[in-house]
Amino acid sequence: MRYSKMMMMVQKVLSETSESSIDFCMSSEMANRIELWSRMYEDRPPWISDTVETMELPASIAGEIARLTTLELKTECKGSARAKYLNEIYQKKVLTGLRIPVEYGCAKGGLIFKPYPSLGSLDVQIIQADCFFPISFDSSGRIIQCVFLEQFRKGNKIYSRLEIHDLKGDILTVTNRVYLSTNDFTLGSEVGIGAVDRWSDLSPSISFSGVTRLPFGYFRVPLANAEDSDSPLGVSVFSRAVGLIKEADRRYSQVNWEYDAKEAAVHIAQSLLKVNPQTQETEYPKGKERLYREIDYNMGATDKPLLDTFSPDIRDQSYYNGLNKQLRLIEFNCNLAYGTLSDPNNIDKTAEEIRSSKQRSYQFISDTQASLQVALEDLLYAMDFYCSVYQLAPAGNYVTSFVWDDSIVVDSNAIIEKNIKLTQASLRSRIRAIMEIDRCTEEEAVEEIKRISQDNQITGQDVDWTEDDDQQESQEGDIDESTGESESS
């Protein structure tokens with residue numbers, strides 16, 4: 001069923017049964033947009049036809065941004081026995097294959113990581129943007145009221161379960177309501193949750209106190225919502241290029257048609273071809289059926305020749321130039337570096353423009369990583385919450401760590417060369433250099449220097465690598481103060 005139509009049904013049943021009026025933060029226009037982004041991502045855009053085919057750009061855009069976002073991500077949960085238990089689930093059920101759900105979130109504007117107790121442990125459900133309905137947000141942008149929909153068919157009956165999460169103050173209320181219908185046009189009438197075997201173990205309503213946020217992580221694409229500026233919902237990474245993608249598909253179809261229309265052929269008179277006496281069908285030379293085109297020529301001096309070769313020039317270069325420029329516009333509007341979708345060998349852009357495009361892409365990827373980190377931290381909070389409620393692991397604190405890759409904009413060789421020169425000129429300590437090159441902590445850098453020192457002593461080179469480090473650190477600090485620049489570790 002269409003997402004926008006399902007939203008209207010959910011709004012209706014909640015408004016009819018709620019003691020107070022419910023104002024959905026999602027407008028019908030926003031629901032239609034999520035529906036459009038989903039269709040585009042699934043290669044079913046509304047403009048596809050017999051004459052217009054797609055380049056599948058939405059999936060490529062979302063996939064590339066998800067790849068760059070999760071590239072070499074290292075995150076874990078440390079601390080107590082509770083932390084070890086959470087980390088095991090976190091690594092196996094969330095981080096393994098994380099790029100795929102992030103791609104769905106990038107394509108449709110958002111994603112929810114929702115943990116739930118299962119068979120004495122925890123599982124994590126990935127819910128895409130067109131499968132849940134945010135009702136309201138707080139001032140910080142966190143969802144405080146949300147509806148999840150689950151449906152299944154049995155014969156000609158459709159069972160629908162609405163799982164409603166409502167946070168008021170520090171009280172969380174989770175309500176389950178089940179509806180039975182015989183068609184796709186309505187949720188139908190409400191029935192008891194115990195009447196459905198699949199959901200009979202669920203409680204109709206349960207409340208928890210001392211809750212600071214809803215027990216799930218919401219990943220939101222970090223773009224301003226140009227579709228509905230009053231809505232706190234996320235938008236697709238290609239939301240600002242819908243029209244451009246439509247035009248790119250049209251131009252791509254023109255290129256393909258150019259090749260089809262200019263395909264070499266031989267126009268041949270019917271009189272030169274054999275006719276099967278049984279079927280009365282024209283017989284073409286075996287394997288050449290596609291080459292010949294039968295023409296009904298009349299004999300005469302003014303008629304065309306009985307054989308006429310059709311082989312016009314193909315204007316593909318002009319079409320490809322136009323398509324390439326269109327792809328450049330899409331790259332700009334989707335925060336991708338030039339050459340991601342367009343021809344990377346095209347040099348009509350200056351080096352400064354290319355550098356700026358990479359920097360713009362890096363900034364958006366950094367923002368996306370920050371948004372994903374918030375969602376994963378909220379997910380771990382939710383997992384810890386269920387561990388406490390259902391006593392799945394001993395009580396204890398946990399600490400999370402995140403290391404994100406920055407190689408899409410940072411030249412590792414340039415960093416190494418810079419640190420070698422600064423160290424040789426006594427303008428930087430070896431500790432600081434190793435910290436920047438290996439992106440490690442000061443303690444790890446000190447341990448690395450000790451290991452290097454031991455290796456040198458074994459080979460007969462008695463060198464103290466830590467000598468004068470304190471003095472060099474002081475010199476480096478003086479230089480930073482005089483120049484007003486700060487070094488990043």
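1. The model is a predicted one. Strands 5 and 6 run antiparallel and share 10 bridges. Their hairpin leaves 2 residues between the strands, and Gly155 there has a positive phi near 70 degrees.

2. Strand 5 also pairs with strand 4. That pairing is antiparallel too, with 5 bridges. Phe137 is bridged to Ile143 of strand 5. This hairpin has 5 residues between its strands, and Gly141 takes a positive phi near 95 degrees.

3. Cysteines next. Cys146 has a relative accessible area of 0%, so it is buried. Cys440 is at 14%. Buried means under 20%, so Cys440 counts as buried as well. The structure contains 0 disulfides.

4. Helix 1 covers residues 3-17, which is 15 residues. At 1.5 Å a residue it should span 21 Å, and its end C-alpha atoms are 21 Å apart, so the two agree. Its buried residues are Tyr3, Ser4, Met6, Met7, Met9, Val10, Val13 and Leu14. Among the elements covering them are helix 2 (28-41), strand 4 (132-137), strand 5 (143-154), strand 6 (157-168) and strand 7 (171-181).

5. The largest nonpolar core holds 97 residues, and Ile61, Phe113 and Phe238 have the most contacts inside it. Helix 8 (residues 351-389) gives this core its largest share, 12 residues.

6. What does Phe238 touch, leaving aside neighbours within four places in sequence? Phe238 is in contact with Trp37, Met40, Tyr41, Pro58, Ile61, Ala107, Ile245 and Cys334.

Conventions:
Residues are numbered from 1 along each chain as its sequence is written. This is a predicted model: local features need pLDDT of at least 70, side-chain atom pairs count only at pLDDT 80 or more; totals for chains, interfaces and linings use all residues. Side-chain values use heavy atoms; hydrogens and water are left out. A disulfide is a pair of cysteine sulfur atoms within 2.5 Å. Buried means under 20% relative accessible area, exposed over 50%, partly exposed in between (1.4 Å probe, protein chains only). A nonpolar core is a set of buried Ala, Val, Leu, Ile, Met, Phe, Trp, Tyr and Cys residues joined through side-chain atoms within 4.5 Å. Helices (H or I, at least four residues) and strands (E, at least two) are DSSP runs, numbered from the N terminus. Contact means heavy atoms within 4.5 Å. The expected span of a helix is 1.5 Å times one less than its number of residues. Two strands pair if DSSP finds at least two bridges between them.
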